[in-house]
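Please keep the sequence and the model in view while reading the points below.

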Amino acid sequence: MKAFLINNYTKDGLQLADVPAPTVGDNDVLVEVHSASINLLDSKIKKGEFKLFLPYKFPLILGHDVAGIVTQVGKNVKKFKVGDEIYSRVSDFHIGTFAEFISINEKDVALKPKNLTMEESASIPLVALTALQALVEKANLNKGQKIFIQAGSGGVGTVAIQLAKYLGANVATSASEKSFKLLKSLGANVLIDYKTQDFETLLKDYDVVLNSQDNKTLQKSINILKPNGQVISISGPPTPDFAKEMGLPWYLKIVMSLLSFSIRRKAKKRNIDYSFLFMKASGNQLENIAKLIEADIIKPVIDKIYTFEQTSDALQYVESGRSKGKVVIKVK
């Protein structure tokens, strides 16, 4: 089969190569990839930014999100059959959706939402799971609470705004002014133009911040939270708790303790809870997300669709930071 891969950590583009088709384990489904989507995570892995706790072997096929059709099932598979239309965010160390086929453990798979196309379905898994795990599992976001979602027009932001609105929260977000109309339609109440306005002077007494930006923005985020508020960061720095959760060796706990020391100290002084979220694959949660999509509570936001041959260009476009919503690759 054809696949886009890297042979080492690199800032350059992906290489198209012929590789052996994947083997199907007893608990796996073989999926013919119809669409995949690109996430900043693909870029970070490509450049080696997460090699401390995600040490991949090469050659490595990138890609975490997929929508496609099951063509073969392992002998222990109970939930899926040949011909099922599915979507998935595949598990870490089992990635590789920038390819014609991928073998996925059934626990990471769900039937795709009935009201979405393959391209729309492929745009959803990683960003929706991130939003769900941040807002529901970590923040326990409730009706009437105030949340600041940074980079509202990004992949995670567009879904997180819709989910926060559904949970009854009051949503502030930052973006460029040209995205305001879209973000208002998704449910944002307070819109901040990051080019001309400073959120730190405009927002106060917030319950939750979903941070996806740099360290400076993270430091400022603490100042807008009320005591006992929470800042959940999906861009780091990682914490000792995260290292423990991942079962990482002792020396990485020390590294992560040092990396996050300053932000944890500042948060503690203000009685704020700081946590780092690295989302996990979950077929069960994708089933719940599919229900929200079928009920028109969450809608995908797609910026551009590229052909399979243009996968490297698509990744470059996401790396440019100009994309609004998600960038999708149509494989079939």
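**Backbone features**

Ala151 is found in the loop between β9 (146–149) and α4 (155–166). Helices (H or I, at least four residues) and strands (E, at least two) are DSSP runs, numbered from the N terminus. The model is predicted, so local features need pLDDT of at least 70 and side-chain atom pairs count only at pLDDT 80 or more, while totals for chains, interfaces and linings use all residues. Residues are numbered from 1 along each chain as its sequence is written, and side-chain values use heavy atoms, with hydrogens and water left out.

- Ala151 has a phi near 55°, which is a positive value in a residue other than glycine.
- Most residues other than glycine have a negative phi, and most peptide bonds are trans.
- Phe58 and Pro59 are joined by a cis peptide bond with an omega of about -5°; Pro59 is placed in the loop between α1 and β4 (60–61).
- A cis peptide bond also runs from Gly236 to Pro237, with omega near 0°, and Pro237 lies in the loop between β13 (225–233) and α8 (240–245).

**Domains**

- The chain is divided into domain 1 (2–124 + 301–330) and domain 2 (126–276), with bounds that come from an automatic or database domain assignment.
- The centres of domain 1 and domain 2, taken over C-alpha atoms, are separated by 26 Å.
- Their contact takes 15 residues from domain 1 and 20 residues from domain 2, where contact means heavy atoms within 4.5 Å.
- About 1,300 Å² is buried between domain 1 and domain 2, and carbon and sulfur atoms give 74% of this area; buried area is the accessible area (1.4 Å probe) that two parts lose on being put together, summed over both.
- Between domain 1 and domain 2 the count is 0 salt bridges, a salt bridge being a side-chain nitrogen of Lys or Arg within 4 Å of a carboxyl oxygen of Asp or Glu.

**Helix packing**

- Axes are lines fitted to C-alpha atoms, for helices over the stretch in contact, and angles run from 0 to 180 degrees between N-to-C directions.
- Angles under 35 degrees count as roughly parallel, over 145 as roughly antiparallel, 65 to 115 as roughly perpendicular and the rest as oblique.
- Helix α1 (residues 40–47) and helix α12 (residues 311–319) have axes that come within 9 Å and cross at roughly 100°, which means that α1 is roughly perpendicular to α12.
- In this pair, Leu40, Asp42, Ser43, Lys46 and Lys47 of α1 meet Leu315, Val318 and Glu319 of α12.
- The contact of α1 with α12 comprises 3 nonpolar, 1 polar and 4 charged residues; Ala, Val, Leu, Ile, Met, Phe, Trp, Tyr, Cys and Pro count as nonpolar, Asp, Glu, Lys and Arg as charged, and the others, Gly among them, as polar.
- The axes of helix α7 (residues 215–222) and helix α10 (residues 261–269) come within 10 Å and cross at roughly 10°, and α7 and α10 are therefore roughly parallel to each other.
- From α7, Leu218, Gln219 and Ile222 meet Ser262, Ile263, Lys266 and Ala267 in α10, giving a contact with 4 nonpolar, 2 polar and 1 charged residues.
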